[in-house]
Amino acid sequence: MRNKIVAGNWKMNTNFKESKTLVKQLRRAVKKMPLDDDTRVLIAPPFVNLPSAVKRTRKSSIEVAAQNMHQAINGAFTGEVSAGMLKSIGVKTVILGHSERRTIFEETDALLAEKVDAAIANGLEIIFCFGELLEDRKSGNHFSVVESQLKSGLFHLESIAWNQIVLAYEPVWAIGTGETASPEQAQEMHAFIRKLLQDTYTTVVADNTSILYGGSVKPANAKEIFSKKDVDGGLIGGAALNAEDFKAIIAAI
Ligand code: PGA
């Protein structure tokens with residue numbers, strides 16, 4: 001069966017010392033929490049803080065993810081980090097396709113498909129993000145936009161590779177805006193995605209794939225969103241930078 005997951009995307013926040021402090025606070029918080037066997041907690045600090053986070057969570061149930069990676073094995077790509085490099089420091093998960101990567105850094109569906117292949121080939125788990133813009137939602141195109149992002153980024157994969165995929169539906173209009181999709185809107189889209197997995201792959205793939213919701217999840221709204229049948233957890237931005245808030249969101253799952 002699929003896992004319940006709360007993942008914190010720290011984005012370009014926390015210097016070395018701040019990251020160490022936040023990891024320490026979260027480690028303490030999670031230690032005191034009775035997490036079910038099927039529940040996972042991940043944090044994604046900036047690249048430079050990954051080795052320290054991996055080291056400091058070794059005896060904890062917190063897992064560490066990267067926020068991005070390059071698609072090549074290695075080579076002349078100044079400023080980039082490869083899947084193999086992440087693996088070599090003990091990182092097992094990478095976030096790909098975040099809307100900030102898609103919009104600010106102009107990452108295309110085709111590029112993301114290459115990154116997906118590189119991550120899979122290196123045995124990394126992927127938290128694959130996708131979601132519609134406000135204009136897509138307003139014009140009623142949100143289902144077709146999401147379908148197309150999933151098709152071009154992931155549907156070339158064999159069923160077996162889906163063991164390494166977690167989906168994160170993040171409507172762009174809800175990211176960092178304080179505006180959340182309603183629990184009903186999230187459920188409606190998650191059910192659509194699960195049906196798509198069933199039609200494209202199998203019921204087993206559809207049932208076993210965790211689908212997270214992301215976009216202004218806060219302690220105040222987490223429980224209601226997570227209570228929906230097809231919402232298996234959340235990808236948290238702003239609220240993941242505050243240990244108390246993140247703890248409350250984990251408690252909500
Ligand atoms: P937010 O970010 O929780 O700050 O809206 C979510 C995300 O970007 O993954």
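## A walk around the barrel

The buried residues of helix H1 pack against strand S2, helix H2 (50-56), strand S3 and helix H11 (243-252). Keep in mind on this tour that you are looking at a predicted model.

**Stop 1: helix H1.** Select residues 16-31, the 16 residues of H1. From first C-alpha to last, H1 reaches 22 Å, close to the 22 Å expected at 1.5 Å a residue. Now show side chains and colour Ser-19, Leu-22, Val-23, Leu-26, Ala-29 and Val-30, which are buried. Why do they sit on the same side of H1? They cover an arc of only 130° around the axis, and that puts them on one side of H1. The general rule behind such a pattern is that an α-helix has 3.6 residues a turn, so residues three or four places apart point the same way. Turn to the other side of H1 and you will find Lys-17, Arg-28 and Lys-31, which are exposed.

**Stop 2: the barrel.** Hide the helices and look at the strands. In what order do the eight strands close into a barrel? The order is S1-S2-S3-S4-S5-S6-S7-S8, with parallel pairing. From one strand to the next, the twist averages 30°.

**Stop 3: strand S5.** Move on to residues 125-130, which form S5. Is S5 enclosed or open? Six of its six residues are buried, so S5 is largely enclosed by the rest of the structure. In a regular strand, side chains alternate between the two faces of the sheet. Colour Glu-125, Ile-127 and Cys-129 for one side of S5, then Ile-126, Phe-128 and Phe-130 for the other; both faces are covered. Strand S4 (residues 93-96) runs parallel to S5 and is joined to it by four bridges, and here Thr-93 stands opposite Glu-125. S6 also runs parallel to S5, with five bridges between them; Ile-127 has Val-166 in S6 as its bridge partner.

Bring back helix H8 (residues 183-200), which lies across S5, S6 (165-169) and S7 (211-214). The direction of H8 is at about 150° to that of S7.

**Stop 4: strand S8.** Select residues 233-236 to show S8. Both of its faces are covered: Gly-233 and Leu-235 are buried on one side, Gly-234 and Ile-236 on the other. S8 is joined to S1 by four bridges, and the two run parallel. Ile-5 has Gly-233 in S8 as its bridge partner. S7 and S8 pair in the parallel sense too, over two bridges, and Gly-214 stands opposite Leu-235.

**Stop 5: helix H11.** Select residues 243-252. The buried residues in H11 include Ala-243, Phe-246, Ile-249, Ile-250 and Ala-252. What do the buried residues of H11 pack against? Their neighbours are S1 (4-9), H1, S2, helix H10 and S8. At the start of H11, look for a side-chain oxygen of Asn-242 that reaches to within 3.0 Å of the backbone nitrogen of Glu-244.

Stop 6: Most residues other than glycine have a negative phi. Glu-106, in the loop between helix H4 (99-103) and helix H5 (109-121), has a positive phi near 55°. Ser-216, in the loop between S7 and H10 (219-226), also has a positive phi, of about 55°. Which of them is buried and which exposed? Glu-106 counts as exposed at 64% relative accessibility, whereas Ser-216 is buried, with a relative accessible area of 8%.

Finish at Ser-88, in helix H3 (residues 83-88). Ser-88 is exposed because its relative accessible area, 60%, is over the 50% cut-off. The side chain of Ser-88 reaches the backbone oxygen of Met-85 at 2.7 Å. Finally, pick Pro-51: Ser-88 and Pro-51 are 37 residues apart in sequence and 9.8 Å apart in space, C-alpha to C-alpha.

Notes: Residues are numbered from 1 along each chain as its sequence is written. This is a predicted model: local features need pLDDT of at least 70, side-chain atom pairs count only at pLDDT 80 or more; totals for chains, interfaces and linings use all residues. Side-chain values use heavy atoms; hydrogens and water are left out. Two strands pair if DSSP finds at least two bridges between them. Axes are lines fitted to C-alpha atoms, for helices over the stretch in contact, and angles run from 0 to 180 degrees between N-to-C directions. Contact means heavy atoms within 4.5 Å. The expected span of a helix is 1.5 Å times one less than its number of residues. Buried means under 20% relative accessible area, exposed over 50%, partly exposed in between (1.4 Å probe, protein chains only). The arc is that of the directions from the helix axis to the C-beta atoms. A polar contact is a pair of N or O atoms within 3.5 Å; within protein, one must be able to donate a hydrogen and the other to accept it, and residues adjacent in sequence count only if both atoms are side-chain atoms.
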